[in-house]
Amino acid sequence: MPKQPEYLSIAETLRTEVLAGEYDTEPLPGNAAIAERFDVNLKTAGRAVQQLVAEGVVIARPGLRAVPTPPELRNTRWPMNGRYARARAARGLIFSGDVRGNVRKDTVGREWVSAPLPIAHLLGIKEGARVFRRRSRTLVDDVATEDTTMFFPEPVVAAAPELETAERIQVVALIEDAGHVVTRTANEIRARHASTAEQQIFGIDAHSIVIEQVHGTYGATGEALEAVINVRPAQGGVITFDTYEAPLDND
């Protein structure tokens, strides 16, 4: 019988520890600590953690140590790239421990507009078609850290009218309550110089760089549900919202 790969042996040990509750109050060790403990390289340590992610035992967080998946979600089958879905389902789009300070999200605009070309492309509609636009701003300790613009096609707003009317919303919950199943996002990320408006929002100068993330959100049948533009200063208290996917049918 061929020898079991090293990363699977490490994953077995870590899985036993996670299920025994050893990491209920703190994250799993980082890859460097795992590599030192088991005398392996960083790649092998990372594969062990990713094995647990694929099994739904832990949630991976970019730049942060993995945490145990809440027990009530461990029997849910997720796509292989659905690690962030578990994070979203368990805690929403922000882990409270990931951001230091008082976090708030303010709605700064709600209106129907004509879809610009990039948004029309993401939503699969004609340029200039009518879409609903929501703008919000995330602040940490009253300092703006992210400017978000969301676009929704007319059929989605008709099915989930709170997207238009409510002051504060939980987008995924409203879309899924309307009968859609969020399954994937298509993402584009670029670095560019800040616009004049962004300089004012973030308190930065014309030479400063911002990170722009543009993504489209799609349902189980490929229907376009939302297009989003997130802009964050490249330096400072940046908040990152990761992609998410819905659970697979357990049948």
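**Helix 1 and helix 2**

I started with helix 1 (residues 6-19) and helix 2 (residues 31-38), whose axes come within 12 Å and cross at roughly 110 degrees. I am reading a predicted model here, in which local features need pLDDT of at least 70 and side-chain atom pairs count only at pLDDT 80 or more, while totals for chains, interfaces and linings use all residues. Residues are numbered from 1 along each chain as its sequence is written, and side-chain values use heavy atoms, with hydrogens and water left out.

A note on terms for myself: helices (H or I, at least four residues) and strands (E, at least two) are DSSP runs, numbered from the N terminus. Axes are lines fitted to C-alpha atoms, for helices over the stretch in contact, and angles run from 0 to 180 degrees between N-to-C directions.

How do helix 1 and helix 2 lie to each other? They are roughly perpendicular; angles of 65 to 115 degrees get that name, those under 35 count as roughly parallel, those over 145 as roughly antiparallel, and the rest as oblique. I noted a right-handed crossing where helix 1 passes helix 2. Right-handed means that the near helix is turned clockwise from the far one by less than a right angle, and left-handed that it is turned anticlockwise.

I then listed the contact (heavy atoms within 4.5 Å). Helix 1 brings Ile-10, Thr-13, Leu-14 and Glu-17, and helix 2 brings Ile-34, Arg-37 and Phe-38. Sorted by class, the contact of helix 1 with helix 2 has four nonpolar, one polar and two charged residues. For the classes, Ala, Val, Leu, Ile, Met, Phe, Trp, Tyr, Cys and Pro count as nonpolar, Asp, Glu, Lys and Arg as charged, and the others, Gly among them, as polar.

**Helix 3 joins in**

Next I looked at helix 1 with helix 3: their axes come within 8 Å and cross at roughly 55 degrees. Helix 1 and helix 3 are therefore oblique to each other, and their crossing is right-handed. On the helix 1 side I found Glu-6, Tyr-7, Leu-8, Ile-10, Ala-11, Leu-14 and Arg-15, which meet Thr-44, Arg-47, Ala-48, Gln-51, Leu-52 and Glu-55 in helix 3. This contact of helix 1 with helix 3 divides into seven nonpolar, two polar and four charged residues.

Helix 2 and helix 3 have axes that come within 8 Å and cross at roughly 110 degrees. That makes helix 2 roughly perpendicular to helix 3. Asn-31, Ala-32, Ile-34 and Ala-35 of helix 2 meet Leu-42, Ala-45, Gly-46 and Val-49 of helix 3.

**Two aspartates in loops**

Which loop holds Asp-39? I found Asp-39 between helix 2 and helix 3 (42-55). Asp-39 has a positive phi of about 55 degrees although it is not a glycine. At 68% relative accessibility, Asp-39 counts as exposed; the cut-offs are under 20% relative accessible area for buried, over 50% for exposed, and partly exposed in between (1.4 Å probe, protein chains only).

Asp-142 sits in the loop between strand 4 (130-140) and strand 5 (143-153). Its phi is positive, at about 70 degrees, although Asp-142 is not a glycine. Asp-142 counts as exposed, with 56% relative accessibility.

Is Ser-136 buried or exposed? Ser-136 is buried, with a relative accessible area of 5%. I placed Ser-136 in strand 4. Beyond four places in sequence, Ser-136 touches residues including Lys-105, Val-108, Glu-146 and Met-150.

Ile-189, in strand 6 (residues 182-193), counts as exposed at 61% relative accessibility. Not counting residues up to four places away in sequence, Ile-189 touches Ile-211, Glu-212 and Gln-213.

Ile-201 belongs to helix 9 (residues 196-202). Leaving aside neighbours within four places in sequence, I found Ile-201 in contact with Arg-135, Arg-137, Ala-144 and Asp-147.

**The whole chain**

Last, I stepped back and found nine helices and eight strands in the chain. Of the 251 residues, 43% count as buried.
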